[in-house]
Amino acid sequence: MSKTKICIIGLGYVGLPLILNISKRYECVGFDTNKKRVENLNNKIDTNKEFSFKDFKNKKINFTNNLQDIKKCNFFILCVPTPIFENKKPDLRNLNLAIELVSKILKKGDILFIESTIYPGLTFQYMNYLQKKTKLKINRDFYIGYSPERVNPGDKVNTIDNINKIVSINTNNKKILTKVSSVYKTVCKKIAFSNDITAAETAKVIENIQRDLNIALMNEFLLICRKLKINFKEVLKLAKTKWNFLNFHPGLVGGHCLPVDPYYLASIAKQNNLKTIVTLAGRKTNDFMDKFVINEIKSFLKRKKKKLKKTNILIIGLSYKAGIADLRNSINLKIYETLKKKSGIVDIYDPFINNEAKKKFNSLAKININNNYDLILFLSKNDHFKTQYKILNNKKNKLKIMDPFEYYE
Ligand SMILES: NC(=O)c1ccc[n+]([C@@H]2O[C@H](COP(=O)([O-])OP(=O)(O)OC[C@H]3O[C@@H](n4cnc5c(N)ncnc54)[C@H](O)[C@@H]3O)[C@@H](O)[C@H]2O)c1
């Protein structure tokens, strides 16, 4: 059997940690269509701020956007984005393109894994496509599997090497199974192995849908409590005394997973003439929460007899989740943009976003308690911001601070 040579296609939040781990044991090539990303990675720069220069130390990885450089690889892992179109339908253009690239170089003995989030059945569709296009036969000439990604950027506890990873492939070929298992063991210690690829695809989307729905439910409870002037914090404190009350908190649901994945499952259900009822139920509420924040600001200012137009605001937390640089589908950013149009000065404080974004949004380098804002708006939850909350929540600022989701109050 030839030496395993890995190619990771798509080097973003998912692909980069993967290649940095696998390259500890295997020869790896990283392929990305974004030239700038490739150039940065070859210079050991990760603009997502997940990895620093030292994380690339002693790693001999060739990052490339040249198909010729990955021709000799025999184990491909696809980690390209799978967003949705404006009409909420799955946008598979990146993945189709990546499959097309692989089809040009696929050869006997190759193994292909998809890690991008997809809907159930898509791996099989790609498998059929590759068989037709390359004339190679599945489970004789090439092998295909699906391993959903659970990496949680910014999370220092549940890291890629200590979480369970689902690895699914439907073959009885022992050599292939050993190879797959040995590659994925360099990524994480605990593997949930399955020969049911469709089940693995479904497991991934339902994990995120469950989370999306639970947060939506908490958001709706918060809306009800505010409307009825019920003390939400007290409600939560009491409800949590029940052994099986789930520990979810309201908040802004952004990013490329929770606001996207429900549409992937709903779309394949619809294609099979099943209209989902619960799967998308959280979307509307979670997508409404920017308006909730703006309404809260308006009532806050009304009590102070202040006009939004003349209000200077400092927003704490701009990325979709505190502690990371990712601004994709950030509701915090949506709130920033609305306020920018409707109020006075709007500044931000977010030390986690990358330098380019810091410049663009004029992020303060440090919080100064004497900064003269009429309103200081906490939109994200994390320990660093909690410290800032404690600093700012002094007598002088007390009447200026808003924490609409009661993260710190
Ligand atoms: N980021 C997360 O936290 C996370 C968690 C779990 C699952 N996922 C899923 O993993 C997948 C990748 O997400 P991500 O956050 O890493 O995306 P990303 O945008 O951070 O990175 C994707 C990379 O793929 C490159 N790319 C796009 N099309 C390509 C192509 N055809 N060939 C080669 N490179 C290509 C892009 O230039 C980019 O660098 C998505 O399906 C996502 O839903 C992401």
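What follows is a walk through this structure, from the overall layout down to a few single residues.

First, some ground rules. This is a predicted model, where local features need pLDDT of at least 70 and side-chain atom pairs count only at pLDDT 80 or more, while totals for chains, interfaces and linings use all residues. Residue numbers start from 1 along each chain, following the sequence as written.

Let's start with the big picture. As for secondary structure, the chain has 12 helices and 12 strands. Both are DSSP runs numbered from the N terminus, with helices being H or I of at least four residues and strands being E of at least two.

How much of the chain is buried? Buried residues come to 40% of the 409. Here a residue is buried if 20 or more other C-beta atoms lie within 10 Å of its own, exposed if 12 or fewer, and partly exposed in between, with C-beta atoms placed from the backbone. Take the contacts between residues at least 6 apart in sequence, and 74% of them join residues at least 24 apart.

Now for the domains. The chain splits into domain 1 (5-195) and domain 2 (216-402), with bounds that come from an automatic or database domain assignment. Their C-alpha centres sit 33 Å apart. Where they meet, domain 1 puts in 17 residues and domain 2 puts in 16 residues. On the domain 1 side of that contact, you'll find nine nonpolar, five polar and three charged residues. For this bookkeeping, Ala, Val, Leu, Ile, Met, Phe, Trp, Tyr, Cys and Pro count as nonpolar, Asp, Glu, Lys and Arg as charged, and the others, Gly among them, as polar.

Next, the inside. In soluble globular proteins, nonpolar side chains tend to be buried together. The largest nonpolar core in this model has 104 residues, and Ile 8, Ile 9, Leu 78 and Ile 315 touch the most other members. Helix 6 (residues 197-227) supplies the largest share of this core, nine residues. Domain 1 (5-195) and domain 2 (216-402) each contribute at least three residues to this core. Zoom in on Ile 9: setting aside neighbours within four places in sequence, its contacts are Phe 31, Phe 76, Ile 77, Leu 78, Cys 79, Val 80 and Ala 98.

Then there is the ligand. Which residues come nearest to the ligand? Of the 26 around it, they are Gly 10, Gly 12, Tyr 13, Asn 34 and Ser 116. A residue is near a molecule or strand if its C-beta atom, placed from the backbone, lies within 6 Å of it. The shell holds 13 nonpolar, 10 polar and three charged residues. Helix 3 (residues 93-105) gives the most to this shell, with three residues.

Arg 37 is part of helix 2 (residues 35-42) and counts as buried, with 22 C-beta neighbours inside 10 Å. Beyond neighbours within four places in sequence, Arg 37 is in contact with Leu 11 and Asp 32. In helix 6 you'll find Arg 211, which is partly exposed because it has 16 C-beta neighbours inside 10 Å.

Lys 305 is not a glycine, but its phi is positive, near 55°. Lys 305 sits in the loop between helix 9 (281-303) and strand 9 (313-316), and with 6 C-beta neighbours inside 10 Å it counts as exposed. Asn 329, also not a glycine, has a positive phi of about 50°. Asn 329 belongs to the loop between strand 9 and helix 10 (331-342), and is partly exposed, with 19 other C-beta atoms within 10 Å.

Conventions:
A nonpolar core is a set of buried Ala, Val, Leu, Ile, Met, Phe, Trp, Tyr and Cys residues joined through C-beta atoms within 7 Å. Two residues are in contact if their C-beta atoms, placed from the backbone, lie within 7 Å.
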